Amino acid sequence: MVNSESNGKVALVTGANKGLGFEMSRQLAQQGLTVIIAARKLEAAVAAATKLKNEGLKAEAILLDINDSIQIQSAVQEIKNRFGKLDVLINNAGVMLDGEWAISNASSVSVDMIRKTFDTNFFALVEVTQAMLPLILKSQSGRIVNMASIEGSLTLHADPSSFIYDSKPFAYDASKAAVNSFTVHLAHELRNTPVKVNSAHPGWVKTELGGDGAMMDITEGAKTGVQLATLPDDGASGGFFHLGQPVPW
Ligand SMILES: NC(=O)c1ccc[n+]([C@@H]2O[C@H](COP(=O)([O-])OP(=O)(O)OC[C@H]3O[C@@H](n4cnc5c(N)ncnc54)[C@H](OP(=O)(O)O)[C@@H]3O)[C@@H](O)[C@H]2O)c1
């Protein structure tokens, strides 16, 4: 449903050519936002944006491999020239390189795999956010959503009664815990601005990353990120949420 407050708002979603990124883009555009679909292959971004345009939604495509600093700077320039501000950034692009959910591999996962995972899930997310921040501060209601994961929860990983207790792919989990740390630190730094920064756990969602065994469909999985991207001015900042409920850090 188009919301008049959303008209004129611009959202950038990374890794938006498929999965949760694409569905969150669709749901934001359904609320009236203009969504910039970012993907590391321009054809994939254009195809996804075209799909949304064919549904009558406002969508544009941008090339953005978040591991490429030059592409990040070009994206900032393009958004600056085209819109002059950014209202919503969803840091969605992510990888899980160390395999199945049930793996417990802290003693054996290669440092190379940990580095590669952190390059995308953490360092690139920080770099994109820092680069976009001047444009987000030009918005009257900037919202930054970091797609973390319940797998980043240290509290639940340490609790033998938690359902994630035996699910320990270390590289992925540590990268998402680091994302949560960024959320808390950035939210604190921006506490006297209109910008809200939160982490999202979407649920265990049927996507390429989530796999076929996942419990939640993509439409439902996109809801947490969309809620956090459209929080009212008195909404939370510096939190970690799933469908409106706090998730333990
Ligand atoms: N699905 C779940 O159950 C679940 C649970 C918790 C958290 N999450 C998080 O939610 C986010 C989205 O996951 P998903 O399930 O939708 O995964 P997905 O279907 O595998 O999609 C991941 C997206 O990230 C993109 N990407 C990866 N590396 C990139 C890079 N360097 N630059 C730009 N884009 C890049 C992929 O692009 P390509 O198509 O080019 O590969 C793809 O568009 C991730 O951060 C994930 O960790 C997912």
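The following legends describe close-up views of a predicted model.

Local features are reported only at pLDDT of at least 70 and side-chain atom pairs only at pLDDT 80 or more, whereas totals for chains, interfaces and linings use all residues. Residues are numbered from 1 along each chain as its sequence is written, and side-chain values use heavy atoms, with hydrogens and water left out.

**View 1**
Eight strands form an open sheet in the order 3-2-1-4-5-6-7-8, with mixed pairing. At its edges are strand 3 (59-63) and strand 8 (245-246), each of which pairs on one side only. Strands (E, at least two residues) and helices (H or I, at least four) are DSSP runs, numbered from the N terminus. Two strands are said to pair if DSSP finds at least two bridges between them.

Strand 4 comprises residues 88-91, and both of its faces are covered. V88 and I90 on one side, and L89 and N91 on the other, are all buried. Here buried means under 20% relative accessible area, exposed means over 50%, and partly exposed lies in between (1.4 Å probe, protein chains only). Strand 1 (residues 10-13) pairs with strand 4 in the parallel sense over three bridges, and L89 of strand 4 is the bridge partner of L12. Strand 4 also runs parallel to strand 5 (residues 143-147), to which four bridges join it. In that pairing, L89 stands opposite I144 of strand 5.

Strand 5 and strand 6 are joined by five bridges in the parallel sense, with R143 opposite K196. Strand 6 is also paired with strand 7 (residues 240-242), again in the parallel sense, over two bridges. In strand 7, F240 is the bridge partner of S199.

**View 1. Helix 1 and the glycine that follows.**
Helix 1 covers residues 19-30 and has 12 residues. From its first C-alpha to its last it reaches 17 Å, close to the 16 Å expected at 1.5 Å a residue; the expected span is 1.5 Å times one less than the number of residues. Since 10 of the 12 residues are buried, helix 1 is largely enclosed by the rest of the structure. Among the buried residues are L20, F22, M24 and L28. Helix 1 is followed by G32, whose phi is positive, near 105°.

R26 forms a salt bridge with E23, the closest N and O atoms being 2.8 Å apart. A salt bridge is defined as a side-chain nitrogen of Lys or Arg within 4 Å of a carboxyl oxygen of Asp or Glu; by this rule the count comes to eight. Both residues lie in helix 1, three residues apart, about one turn of the helix. R26 counts as buried because its relative accessibility is 19%, and E23 is likewise buried, with a relative accessible area of 7%. E23, R26 and E55 are linked in a network of salt bridges.

**View 2. Two further salt bridges.**
The side chains of E60 and R82 meet in a salt bridge at 2.4 Å, N to O. This pair links distant parts of the chain, with E60 in strand 3 and R82 in helix 3 (residues 69-83), 22 residues apart. E60 is partly exposed, with a relative accessible area of 25%, and R82 is partly exposed at 48%. In a separate pair, the side chains of K223 and E220 meet at 2.8 Å, N to O. K223 is partly exposed at 34% relative accessibility, as is E220 at 29%.

The ligand is surrounded by 29 residues, the closest being N17, N92, Y172, V205 and T207; a residue is included if one of its heavy atoms lies within 4 Å of the ligand. An N or O atom in the side chain of N17 is 2.7 Å from an oxygen atom of the ligand. A backbone N or O atom of G203 lies 3.4 Å from a ligand oxygen atom, and a polar backbone atom of L209 is 3.5 Å from an oxygen atom of the ligand. Taken alone the ligand exposes 900 Å², of which the protein buries 94%; accessible areas come from the Shrake-Rupley method with a 1.4 Å probe, and for residues only the protein chains shown count as cover.

Methods
Polar contact = N/O pair within 3.5 Å; in protein donor to acceptor, adjacent residues only side chain to side chain.
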